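Please examine the sequence and the three-dimensional structure shown below before reading the briefing.

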Amino acid sequence: MRTRRSKAAGLLVLALFAALLLQARAPGAARADGVPAGFTMPAGLDLHDGQIARFGDTYYAYGTEYRCGFRWGVHGTPFCGFGVSSAPALDGPWSRPRLLFSPRDVDTWRLSASRPGDYGRSWNWVCGADGAGCFNPRMIRRSGWGSDDGVFLLWFNAPGDWNRYRANAYYAMGCNGPAGPCGHAAGPPHGSTTKPSLPHCAANGDFGVSLVPGGRPVLVCTRPGPDQKLAEEELNRWGTGSDGRGATGLAGLTRVEGPGLYPDPATGTWILTYSDPACGYCSGTGTGYATAPGPLGPWTAPVNLAAAAPPPGGRRDLSATSCGGQPRTVSFVDGQAWQGIDLWTGNRNEAAAGWRMEPLVYVPTRGTAGDGRPWRPPFLPWTCDR
């Protein structure tokens, strides 16, 4: 009897410990200036390069999983899939992630009839055969724009499509709910897989998707090549491709990645953030920014006015170190923009990497106050920069 009670007590302790792990660290707390504090998502959640969204009364965290053994750049590595965790509030408790679709499901895109071997490949092959992976899950909903039918859409990128065929790396999946299942294998009523037509983001890089009040969503992406410029696309009425409007070479930026954009509620200014510079699994990378009067630009990034400006971004960086991590994209939740930051460990498998969220609060007069102090970024400083 004692043995059974001891085992039961041990299981209870483990269960309580597991529950504590899925609590985020104080996102509901506010700073003295009333701005919500930055927070770290639960340890061990295994969601990366992700996004947080609210649908109804539930919050959802989406990200790339690594725990099954995925190793970036290693041929034949397994693809662990995209996970989603839910919570009643930003401070949790967050559920254990479930997959949005199975890595064993089939990619229904076929490049051409001349390449019959391309058809019927599993996502495990698409995302793992050459080690290029699949990343950046972004969930949006057709609500208040386009066909306005409430359908959920999952966007992500598969860089191997660019590496193998010079085809754009992106996919848009119809989902049967905010937690999936997604893709063709999900079946009715909304399961589908689309390889979108993207004239400006015809590439393979990291990306973000922003909803536009009174308009269609805009996708912002990283272009391939040594310059690694940014581009953007306005999506069509179905949210599964481009309507042709967009631009490349945003703000004249080069060697940047991990973009995200959002409208500042107070000023109406559109803000674009990015990793400055671009680099794989980096730590202590700057978060740069650019501004525009609308989601399709024109975009302007601050320029350095002195030869001794701090590297690498100088005035265009709102944070020099990004809390020791690398910025990925922006999540806009309950009227507040949050910069997602992956706290990479520097390994090819990043299952242990943390996920930090910092509030983006644009204060345009802060950098040019004329108060005799050194120039400051026009954003309230993050918790790690105070």
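Predicted model: local features only at pLDDT ≥ 70, side-chain atom pairs only at ≥ 80, totals over all residues.

Residues are numbered from 1 along each chain as its sequence is written, and side-chain values use heavy atoms, with hydrogens and water left out.

**Nonpolar core**

- A nonpolar core is a set of buried Ala, Val, Leu, Ile, Met, Phe, Trp, Tyr and Cys residues joined through side-chain atoms within 4.5 Å; buried means under 20% relative accessible area, with a 1.4 Å probe and protein chains only.
- The largest such core has 26 residues, of which L100, F101, W123, M139, L154 and F156 touch the most other members.
- At least two residues of this core come from each of β2 (48-55), β3 (58-64), β4 (82-87), α2 (123-128), β7 (152-157) and β8 (170-175).
- Helices (H or I, at least four residues) and strands (E, at least two) are DSSP runs, numbered from the N terminus.
- Leaving aside residues up to four places away in sequence, F101 touches F79, F82, W123, L154, F156, M173 and C182, where contact means heavy atoms within 4.5 Å.

**Aromatic rings**

- Rings of Phe, Tyr and Trp (its six-membered ring) pair if their centres lie within 6.5 Å; planes under 30 degrees apart count as stacked, over 60 as edge-to-face and the rest as tilted.
- The whole structure contains 22 aromatic pairs.
- In one of them, the ring centres of W123 and Y171 are 4.8 Å apart and the planes stand at 85 degrees, so this pair is edge-to-face.
- W123 belongs to helix α2 and Y171 to strand β8, 48 residues apart, and the pair thus links distant parts of the chain.
- Both W123 and Y171 are buried.
- A cluster of Y66, F70, W72, F135, Y281 and W344 is linked by ring pairs.

**Sheets**

- Two strands pair if DSSP finds at least two bridges between them.
- Strand β16 (residues 286-292) is joined to β17 by 2 bridges, and T287 stands opposite S319 in β17.
- Another open sheet of 4 strands, also antiparallel in its pairing, has the order β2-β3-β4-β5.
- In that sheet, the edge strands β2 and β5 (98-99) each pair on one side only.
- Strands β4 and β5 are joined by 2 bridges, and V84 stands opposite R98 in β5.

Key: Buried < 20%, exposed > 50% of the residue type's maximum accessible area, 1.4 Å probe, protein only.
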